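This report concerns charged side-chain pairs and their solvent accessibility.

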Amino acid sequence: MQFQQLQYFVAVAETRHFTRAAELVHVAQPSLSQQIKALERELGADLFRRARGNITLTDAGEALLPLARRILADADTARHEVQEVAQLRSGRVRLGATPSLCTGLLPDVLRAFHDRYPGVRLLIEEGGSHDLVRELARGALDLALVVLPLPTPSPALTTVELLREDLVVVSSPDALHPGRGRRSVRIADLEGERLVMFRHGYDLRELTVAACRAEGFEPEFAVEGGEMDAVLGFVQAGLGVAVVPRMVAARSGHGLRVTPLARPGLHRTIALAHRSDVAPPRAARELQGMLLER
């Protein structure tokens with residue numbers, strides 16, 4: 001008994017037609033008929049009653065059908081499981097993240113993942129949440145770290161909250177303290193300060209500008225349009241102050257003065273997102289688990 005013969009048998013049993021079954025399994029009809037006859041000889045029993053325009057199962061065929069389906073299903077499961085294991089040896093993960101998360105959250109997690117699965121390639125795409133959501137939707141990413149709430153809520157995406165992160169004010173140690181020497185800075189203290197501001201599309205830009213406007217003033221920009229590393233470098237050079245995530249400030253290595261925001265402060269919620277209609281590949285699920293357990 002051959003695996004292929006069982007595939008052909010199930011196809012005929014489900015279509016009740018030899019020609020349609022042959023089309024379903026992409027084989028010539030005479031070849032399919034020959035394989036069915038060979039299977040019947042092997043089993044010593046007819047599996048079908050063949051009448052013009054009317055193909056039905058014999059008692060032997062009825063007995064074989066659920067067993068054949070189970071064998072085929074088990075074979076498919078085995079193939080899937082082996083492929084999943086192979087993915088952890090030589091697969092890939094396409095992960096999107098905002099630049100600040102690439103700087104603050106990801107290095108330690110990706111190092112641990114690489115140590116565990118050295119054969120898996122990590123493809124990282126930096127972008128704002130809006131861009132990352134679009135890339136997820138079109139299948140260009142397996143996972144994405146985004147800032148909630150999403151700019152455009154999508155029922156096609158599943159999001160799991162990962163962490164809630166404080167924002168802090170960074171400034172050059174050589175510049176005047178933005179909080180007039182206090183241990184914390186109020187948003188209102190940023191009025192009159194020259195800010196180093198991210199480019200349009202950065203979640204941090206929208207969050208900072210909205211907080212300033214809620215305090216009744218329009219923020220003044222010394223420099224705008226930079227990515228995270230550029231913003232930190234401009235602050236270090238004394239061009240102005242910036243509002244950045246605490247993790248980024250802690251890892252920046254720029255020797256900046258870090259001052260927390262006074263209560264209630266500013267926070268952002270980070271979530272892990274993936275498409276709802278397609279399960280991430282095995283390697284991506286492993287990375288997802290490590291991010292959720294961090």
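Arg 199 is partly exposed at a relative accessible area of 23%, where buried means under 20%, exposed over 50% and partly exposed in between (1.4 Å probe, protein chains only). Glu 227 is likewise partly exposed, at 37% relative accessibility. Arg 199 and Glu 227 form a salt bridge whose closest N and O atoms are 2.8 Å apart, the term denoting a side-chain nitrogen of Lys or Arg within 4 Å of a carboxyl oxygen of Asp or Glu. The pair links distant parts of the chain, 28 residues apart: Arg 199 lies in the loop between strand S7 (194-198) and helix H8 (203-214), and Glu 227 in the loop between strand S8 (220-226) and helix H9 (228-236). Helices (H or I, at least four residues) and strands (E, at least two) are DSSP runs numbered from the N terminus.

The model is predicted: local features need pLDDT of at least 70, side-chain atom pairs count only at pLDDT 80 or more, and totals for chains, interfaces and linings use all residues. Residues are numbered from 1 along each chain as its sequence is written, and side-chain values use heavy atoms, with hydrogens and water left out.

A search of the whole structure finds 17 salt bridges. The table lists some of them, including the pair described above.

| Arg 138 | Glu 135 | 2.9 Å |

In the pair of Arg 138 and Glu 135, Arg 138 is exposed at 58% relative accessibility, whereas Glu 135 is buried at 10%.
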